[in-house]
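Please look over the sequence and the model before reading on.

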Amino acid sequence: MDMERGEGLYLFDTEGRRYVDFCAGIATCCLGHANPVVVEALCTQARKLMHCSNLYGIPGRVFFSNSGAESNDGIIKVARRFGHRHPAAQ
């Protein structure tokens, strides 16, 4: 079976059959396929800057990661930075 498109929580194959996508957690489809809010945000951003090295800052507050381990590493670094900047909060 070859998937052709997605809509919400459904995937559609090239024969037009509909499937519930129980594997959405593997990538970033946990927001649903073709979610109009996500699509518009992606298109707006892609018109400005699609990707650049992480050596440069960007005007956003999003940390993308490939795994739970990277996500945990990122949040630990954010917490440490906050602690260093706000020692009274400890």
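Which residue in β3 does leucine 11 stand opposite? The residue opposite leucine 11 is tyrosine 19.

## Basis of the model

The model is predicted: local features need pLDDT of at least 70, side-chain atom pairs count only at pLDDT 80 or more, and totals for chains, interfaces and linings use all residues. Residues are numbered from 1 along each chain as its sequence is written, and side-chain values use heavy atoms, leaving out hydrogens and water.

## The sheet

Strand β2 (residues 10-13) pairs with β3 over 3 bridges in the antiparallel sense; pairing requires at least two DSSP bridges between two strands.

## Salt bridges

The count is 3 salt bridges, each defined as a side-chain nitrogen of Lys or Arg within 4 Å of a carboxyl oxygen of Asp or Glu. Arginine 17 forms one with aspartate 13, with the closest N and O atoms 2.8 Å apart. Aspartate 13 is buried, at 1% relative accessible area, whereas arginine 17 is partly exposed at 46%; buried means under 20%, exposed over 50%, and partly exposed in between (1.4 Å probe, protein chains only).

Another salt bridge joins arginine 5 and glutamate 7 at 3.2 Å, N to O.

Technical notes: Helices (H or I, at least four residues) and strands (E, at least two) are DSSP runs, numbered from the N terminus.
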